[in-house]
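Trainee: I have a structure open and would like to learn how to read it. Could you walk me through it, feature by feature?

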Amino acid sequence: MDSKSSSQNNNVLQDIPTSEHYQVSYMHRSTVTHCCTSLRHGYVITGSADGVVKFWKRVSTTANTAGNSTNTTSAAPAASGDGVSNSRCLEFVKSYSSHVGPLLALCTSQPNGDSAVSIGWDGVIKFYDVGTFDVSGMIRTNNYKSQSKKYRLGRHAVLMEREEMILLVSTRAPTREEWKEEELEKERMKQLKLQQQQNDDSSDDDDDGPRPAPATEPTKKAKKEDDTTNQWVSEGAILLFSGANLSAEPLRVISYHASCVTSLAYHSTKQWVVSSDVAGVLEVWNVPSSSSDTGESGGQLPFQSKFDTDLYALMKKKTYAIDIAVTDKHFAVYCSDRKIRLFSFADGCKLVCLYDERLKVYDKMLSTSSSAMGIDNIEYGKRAALEREMEDSYLLSGGVASNAVTKKSISTVNSTSEGSNHQHFRLTFDNTGNHLLLPTIVGIKVINIQTHRVVATVGKGDASAFRFIDISLCPGDAKVDQQLQLARMGGSSAAISHQSGSGSAPPNDSLLVALAYDKRRFMVFTHNDPLSNDGQDEPDEQTILARDILNEQPDASDLIEASHLGRSGNDPNSSAQLTTATEAILRTTHGDIRIKLFPKETPRTIENFIGHAQSGYYDNVIFHRIIPSFMIQTGDPLGDGTGGESIWGGEFEDEIRRELRHDRPFTVSMANAGPNTNGSQFFITTVACPWLDNKHTVFGRVVGGMDVVTAIESVKTDELDRPLSEVKILSVDVS
């Protein structure tokens with residue numbers, strides 16, 4: 001009975017890689033924010049926060065199990081067990097610096113994926129021919145003088161293959177700075193009109209004789225039309241562009257929503273669009289025809305009246321969608337309240353089921369039985385802290401907030417925001433439409449929407465190091481250049497041909513590409529788990545590290561892994577020069593403190609700090625000295641202010657820099673007992689302390705968690721400035 005059930009489950013999930021560990025990962029120079037795939041052409045396209053778009057060609061993931069001496073070009077060493085090679089899965093093809101600033105959206109055309117489009121904060125829309133991985137067209141939308149309507153391109157887009165290529169793009173709300181500029185411009189125009197009216201009145205007082213008759217009604221109407229020309233489109237508008245004429249003037253401005261649109265999805269079979277806004281309104285509508293001024297194209301909507309549906313369910317719960325996934329019969333909505341709602345097209349857009357992913361659900365599960373999640377309390381606390389950090393980065397708000405004064409939407413993310421602020425939550429269905437893939441705190445859940453049960457969890461072995469948030473499923477039977485593969489295999493066709501007569505089906509080559517929160521890497525899952533030991537010894541570290549391809553200049557975290565810093569204290573080579581970290585997070589008992597580091601200005605101090613952080617030197621170290629309206633001090637393993645040493649043993653020299661001064665609160669500086677006596681202790685100021693300049697090395701600034709610093713500062717102390725209640729550093733993360 002059990003074996004039969006397991007066999008059926010494997011057959012159902014044949015197009016979903018369900019391994020616990022990713023096969024390989026690749027890098028961008030900045031945080032990876034977008035990913036999409038083209039099944040027809042076998043490409044994966046990724047985009048990052050610096051506006052770079054990369055094309056990756058899928059290569060065969062079929063293992064060389066024949067035991068022959070076929071040569072490969074992969075630099076990744078073979079994983080242990082069964083002769084399965086650690087395939088790289090993807091091959092880099094081309095990179096474009098497509099935009100000045102972050103990406104807003106990146107997607108391939110539906111249903112076939114022949115084209116792709118990227119949209120940037122610079123107001124540029126770029127079209128790509130996926131088959132030739134080349135730019136096929138471009139629209140510049142920031143030249144408002146030549147446009148009848150002003151608009152700001154949004155974060156959600158759909159590219160449709162029809163008689164001509166059609167692009168739907170949401171419009172975004174203004175940032176606070178843009179809103180202030182608009183208000184000033186309105187006030188300026190108001191004053192200008194008032195002054196002009198006063199000038200007209202004064203000229204009327206100079207009566208030199210008879211004057212022409214006043215303007216007739218048509219002239220007034222023309223003036224009214226001039227007033228409405230070149231104005232901003234309404235909030236919640238969706239723009240329809242043509243991929244053929246590449247005009248910055250949208251063919252249509254669609255106004256189904258009264259507030260800012262937060263998600264778009266396209267049903268390519270029925271040609272329906274499912275959209276949502278920040279007010280919680282869900283809409284299902286046909287795409288207007290681009291060739292005529294009236295009428296819509298697409299099938300009949302799945303309901304007669306919207307009042308017969310559950311499309312108002314989000315509004316009633318005061319939540320809204322931040323992502324929508326569509327399959328033939330259902331659509332799933334990831335909401336800002338961390339609940340996923342499943343709707344049925346066949347039942348008239350009725351709510352079928354609700355999946356709760358709030359932290360309180362996992363809290364209750366962990367309190368009942370830690371084995372239910374497979375992680376202990378400490379590990380769960382670490383992941384829960386990251387979830388709260390994600391909320392602070394606007395990931396769960398869709399980058400939109402409401403202005404308390406005007407009640408209008410405000411974009412909380414701008415072009416200079418950190419890379420993680422430009423990432424999106426994304427869920428998807430498999431090609432059968434029976435399984436929903438959902439990124440969660442424990443990995444990527446595969447949910448059977450018929451039984452509403454989790455049938456697999458992808459990547460749960462890597463969920464401690466990576467919080468997956470965005471996924472793209474690449475079904476099996478991707479197009480692979482067999483001549484290219486043949487050339488690489490030294491002329492042997494054994495590696496690319498299926499052995500006829502063996503009676504066994506060829507292995508499935510489906511991939512699952514996953515993006516992680518605030519990471520420069522994207523991970524690729526296959527049906528092969530490279531770290532699976534099958535009851536044998538644990539995989540060696542070389543096998544683990546070989547999964548991460550250094551195709552870009554590595555950052556501190558990559559160097560830390562590569563150098564095994566803190567893993568072997570007796571290894572003299574373990575203290576590599578790690579001076580490229582730019583950020584550290586102190587995980588304290590009062591909350592997280594995010595620190596911006598200065599590795600270029602103070603490389604030796606940063607190297608010392610990172611070394612201690614990664615070796616666990618600072619773990620469970622208390623804040624031993626707290627002086628209100630001055631500073632909080634920590635870093636002494638003895639806890640009394642008399643201990644601590646550098647990673648080299650003893651003390652090291654100061655790195656005083658003129659541009660780094662104690663001229664503001666929340667400055668991070670090294671404690672010492674005089675010139676060139678730095679060890680491990682450091683302090684965070686709570687006020688400007690200019691008298692410390694040229695005496696202590698400033699190596700960082702607090703950029704997040706200022707309230708945590710203030711809370712620690714307010715802890716009651718004794719006459720020696722020692723806190724009466726213990727405040728600890730739990731751990732330190734660097735990146």
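Mentor: Gladly! Let us start with one term: contact means heavy atoms within 4.5 Å. With that in hand, look at E389, which touches Y517, I585, R587 and R594, not counting residues up to four places away in sequence. Please keep in mind that this is a predicted model.

Trainee: Where does E389 lie, and is E389 buried or exposed?

Mentor: E389 lies in helix α6. Buried means under 20% relative accessible area. E389 has 11% relative accessibility, so E389 counts as buried. Here is another way to look at this residue: E389 and D592 are 203 residues apart in sequence, yet their C-alpha atoms are 8.8 Å apart in space.

Trainee: What does the protein as a whole look like in such terms?

Mentor: The protein has 735 residues, and 50% of them count as buried. It contains 11 helices and 40 strands. Among contacts with a separation of 6 or more, 63% are between residues 24 or more positions apart.

Trainee: How do I describe two helices that pack together?

Mentor: Two packed helices are described by the angle between their axes and the distance between the axes. Take helix α5 (residues 359–368) and helix α6 (residues 377–392): they pack at an angle of about 175°, and their axes are 12 Å apart. Angles over 145 degrees count as roughly antiparallel. The two helices, α5 and α6, are therefore roughly antiparallel to each other.

Trainee: Which residues of α5 and α6 meet?

Mentor: On the α5 side they are L359, Y362, D363 and L366, and on the α6 side N377, Y380, A384, E387 and R388. Sorted by class, this contact has five nonpolar, one polar and three charged residues.

Trainee: Next, how can I tell whether there is empty space inside?

Mentor: Rolling a probe the size of a water molecule over the atoms shows where empty space is left. In this structure there are four cavities of 30 Å³ or more. The largest cavity has a volume of about 90 Å³. It is lined by 14 residues, and the closest to its centre are R155, R172, C260, G398 and V400.

Trainee: Which strands supply at least two residues of that lining, and what classes do the lining residues divide into?

Mentor: The strands are β11 (153–161), β12 (165–171) and β16 (261–267). The largest share, three residues, comes from β11. By class, the lining of the largest cavity has four nonpolar, eight polar and two charged residues.

Trainee: What should I look for in the backbone itself?

Mentor: Most residues other than glycine have a negative phi, and most peptide bonds are trans. With that in mind, look at Q110 and P111, which are joined by a cis peptide bond with omega of about 10°. P111 is in the loop between β6 (103–108) and β7 (115–120).

Trainee: Where do I find a positive phi in a residue other than glycine?

Mentor: L246 is one example, with phi near 55°. L246 is in the loop between β14 (238–242) and β15 (252–254). L246 has 27% relative accessibility, so L246 counts as partly exposed.

Trainee: What is phi of F666 near, and is F666 buried or exposed?

Mentor: Phi of F666 is near 65°, a positive value in a residue other than glycine. F666 lies in the loop between β36 (631–634) and β37 (667–670). With a relative accessible area of 18%, F666 is buried.

Key: Residues numbered from 1 in each chain as written. Predicted model: local features only at pLDDT ≥ 70, side-chain atom pairs only at ≥ 80, totals over all residues. Heavy atoms only, no water. Axes fitted to C-alpha atoms, helices over the stretch in contact; angles between N-to-C directions. Helix = DSSP H or I, 4+ residues; strand = E, 2+ residues; numbered from the N terminus. Parallel < 35°, antiparallel > 145°, perpendicular 65-115°, else oblique. Nonpolar A, V, L, I, M, F, W, Y, C, P; charged D, E, K, R; others polar. 1 Å grid on protein atoms, 1.4 Å probe; cavity = no way out; pocket = protein on both sides within 12 Å on 5 of 7 lines; lining within 4 Å. Points joined across faces, edges and corners; volume = space filled by probe spheres on them. Buried < 20%, exposed > 50% of the residue type's maximum accessible area, 1.4 Å probe, protein only.
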